[in-house]
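Please read the following briefing alongside the sequence and the 3D structure.

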Amino acid sequence: MSDFKQGDLVKLKSGGPVMTISYVDDVEPPVEEKLLPDQKFSITIFCQWFDQKNILQTATFNPEVLVKY
């Protein structure tokens, strides 16, 4: 499970705008769909924010690149 949840405000560790998490995809695959030894379960964070022209933007990120605001 991720420490991030829907509605959290986050930023990229490298900077940028404040974003709102719209969805966290952290559902692990069923046991019968085991990962290969060199694979790792990944979490995807869906974010939204308004750019400088007030246009809604969306993107997905790995939680390792985000920090809570």
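A salt bridge is a side-chain nitrogen of Lys or Arg within 4 Å of a carboxyl oxygen of Asp or Glu. By this rule the count comes to 2 salt bridges. The model is predicted: local features need pLDDT of at least 70, side-chain atom pairs count only at pLDDT 80 or more, and totals for chains, interfaces and linings use all residues. Residues are numbered from 1 along each chain as its sequence is written, and side-chain values use heavy atoms, leaving out hydrogens and water.

**Salt bridges**
- The side chains of D8 and K5 form a salt bridge at 3.2 Å, N to O.
- D8 also meets K68 in a salt bridge, at 3.7 Å, N to O.
- Salt bridges that share partners join K5, D8 and K68 into one network.

- D8 is buried, at 11% relative accessibility, whereas K5 is exposed at 53% and K68 is partly exposed at 47%.
- Buried means under 20% relative accessible area, exposed over 50%, and partly exposed in between (1.4 Å probe, protein chains only).
- Leaving aside residues up to four places away in sequence, D8 touches D3, M19, T20, I21 and K68; contact means heavy atoms within 4.5 Å.

**End of the β5 region**
- Y69 is found in the segment after β5 (66-68) and is exposed, with a relative accessible area of 65%.

Note on methods:
Helix = DSSP H or I, 4+ residues; strand = E, 2+ residues; numbered from the N terminus.
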